[in-house]
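Here is a short report on one protein model. Keep the sequence and the 3D view open as you read.

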Number of protein chains: 2
Amino acid sequence: MQDLIKTMKALSDETRLRILNVLLERECCVCEVMQALDISQSRASRNLGILEDAGFLTAKRDGAWIVYSVDWQTANRYATPLAKLLRDSLDSSEVIAQDKERLKHAVRMGPTALGK
Amino acid sequence: MQDLIKTMKALSDETRLRILNVLLERECCVCEVMQALDISQSRASRNLGILEDAGFLTAKRDGAWIVYSVDWQTANRYATPLAKLLRDSLDSSEVIAQDKERLKHAVRMGPTALGK
DNA sequence: AGAATATATGCGGATATGCGAATATTCGCC
DNA sequence: GGCGAATATTCGCATATCCGCATATATTCT
């Protein structure tokens with residue numbers, strides 16, 4: 001029961017719904033999420049952690065970055081029925097459209113940002 | 001989007017999940033919910049109101065009482081996929097079993113409690 | 001109308017939540 | 001090892017949430 005509450009709380013926040021929406025487009029590292037949503041680093045990291053803890057996301061390290069993606073494996077029982085709901089509710093939102101637009105130009109920053 | 005957040009917040013509370021569970025058994029007035037969950041009157045009333053505001057419940061007056069029931073009509077898009085999740089998560093909980101047991105003996109109290 | 005019951009609501013306090021700013025940690029490269 | 005970049009975490013504050021208590025409103029019966 002506490003798990004279900006944790007799950008619902010994870011979805012009770014605008015920032016986290018926006019993050020989930022972006023990650024449904026494609027997997028992202030933290031800095032890409034920051035760019036897409038135009039939010040601070042700590043805010044992105046903290047909310048990604050909450051979604052991960054709730055089981056919606058998995059994190060895998062890729063060099064300097066930590067890449068988050070929707071965990072369809074373990075969160076499928078929640079994500080599947082909810083994904084459609086999210087889509088339906090979110091697509092009509094203006095913020096969401098802006099997030100997706102920014103995501104197109106979001107880039108991974110390093111490493112050392114010298115090779116560019 | 002704010003509607004979705006309101007919906008998720010409504011489900012992010014143990015008291016409200018317990019209420020929902022009881023109302024999935026059968027419709028109840030406030031005093032029956034108090035008895036089933038063994039909680040205060042204001043607590044029952046307030047949380048029923050929150051669930052109603054989120055669209056999960058409808059309230060109809062029946063004499064002295066106000067009877068709440070799950071609103072499958074308007075909340076169906078949330079309730080249908082979620083009902084199973086709720087069931088799966090809740091049935092394993094001890095509190096939930098107790099609620100259901102108490103519900104069996106819950107009675108409407110009035111009116112005037114003299115006709116009995 | 002008046003008494004009693006059922007429900008809703010205002011208020012104050014305790015706790016939880018979300019955020020930015022600053023700091024700590026981890027990794028890759030020289 | 002040392003530096004810079006990416007991410008995580010701590011801290012303090014503002015706000016939101018939840019509850020009990022008391023009170024207000026609505027309804028029924030006499």
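## Terms and ground rules

Axes are lines fitted to C-alpha atoms, for helices over the stretch in contact, and angles run from 0 to 180 degrees between N-to-C directions. Helices (H or I, at least four residues) and strands (E, at least two) are DSSP runs, numbered from the N terminus.

This is a predicted model, in which local features need pLDDT of at least 70 and side-chain atom pairs count only at pLDDT 80 or more, while totals for chains, interfaces and linings use all residues. Residues are numbered from 1 along each chain as its sequence is written, chains are lettered from A and ligands numbered from 1 in the order in which they are written, and side-chain values use heavy atoms, with hydrogens and water left out.

## Chain A in outline

Chain A holds six helices and three strands. Along the sequence they follow the pattern α-α-β-α-α-β-β-α-α.

Chain A has 116 residues, and 47% of them are buried. Buried means under 20% relative accessible area, exposed means over 50%, and partly exposed lies in between (1.4 Å probe, protein chains only). Now take the contacts in chain A with a separation of 6 or more: residues 24 or more positions apart account for 62% of them. Contact means heavy atoms within 4.5 Å.

## The sheet of chain A

The three strands of chain A form an open sheet in the order 1-3-2, with antiparallel pairing. Strand 1 (28–29) and strand 2 (57–62) of chain A stand at the edges with a single partner strand each, so one side of each has no neighbour in the sheet. Two strands pair if DSSP finds at least two bridges between them. Strands of a sheet pair through backbone hydrogen bonds, either parallel or antiparallel.

How many bridges join strand 2 of chain A to strand 3 of chain A? There are six, and strand 3 covers residues 65–70. A:Ala59 stands opposite A:Tyr68, a residue of strand 3. Helix 4 (residues 41–53) of chain A lies across strand 2 and strand 3 of chain A. This helix runs at about 120° to strand 2.

## Helix 3 of chain B and its cover

Now turn to chain B. Six of the eight residues of helix 3 of chain B are buried, so this helix is largely enclosed by the rest of the structure. The buried residues are B:Val30, B:Cys31, B:Glu32, B:Val33, B:Ala36 and B:Leu37. Their cover includes helix 2 (14–25), strand 1 (28–29), helix 4, strand 3 (65–70) and helix 6 of chain B.

Start with helix 3 (residues 30–37) and helix 4 (residues 41–53) of chain B. Their axes come within 9 Å and cross at roughly 115°. That makes helix 3 of chain B roughly perpendicular to helix 4 of chain B. Angles of 65 to 115 degrees count as roughly perpendicular, under 35 as roughly parallel, over 145 as roughly antiparallel and the rest as oblique. On the helix 3 side, B:Val30, B:Val33 and B:Met34 make the contact; they meet B:Gln41, B:Ala44, B:Ser45 and B:Leu48 in helix 4. These contact residues divide into five nonpolar, two polar and no charged. Here Ala, Val, Leu, Ile, Met, Phe, Trp, Tyr, Cys and Pro count as nonpolar, Asp, Glu, Lys and Arg as charged, and the others, Gly among them, as polar.

Helix 2 of chain B also packs on helix 3 of chain B, at an angle of about 110° and with the axes 11 Å apart. That makes helix 2 of chain B roughly perpendicular to helix 3 of chain B. In this contact, B:Thr15, B:Arg18, B:Ile19 and B:Val22 of helix 2 meet B:Val33, B:Ala36 and B:Leu37 of helix 3. The division is five nonpolar, one polar and one charged.

## A contact from later in chain B

B:Val107 lies in the segment after helix 6 (94–105) of chain B. B:Val107 is partly exposed, with a relative accessible area of 46%. Which residues does B:Val107 contact, leaving aside neighbours within four places in sequence? They are B:Cys31, B:Glu32 and B:Gln35.

Most residues other than glycine have a negative phi. A:Asp38 has a positive phi of about 60°, although it is not a glycine. A:Asp38 lies in the loop between helix 3 (30–37) and helix 4 of chain A. A:Asp38 is exposed, at 59% relative accessibility.

In chain B, B:Asp38 follows helix 3 and has a positive phi, near 60°. B:Asp38 is found in the loop between helix 3 and helix 4 of chain B. B:Asp38 is exposed, with a relative accessible area of 58%.
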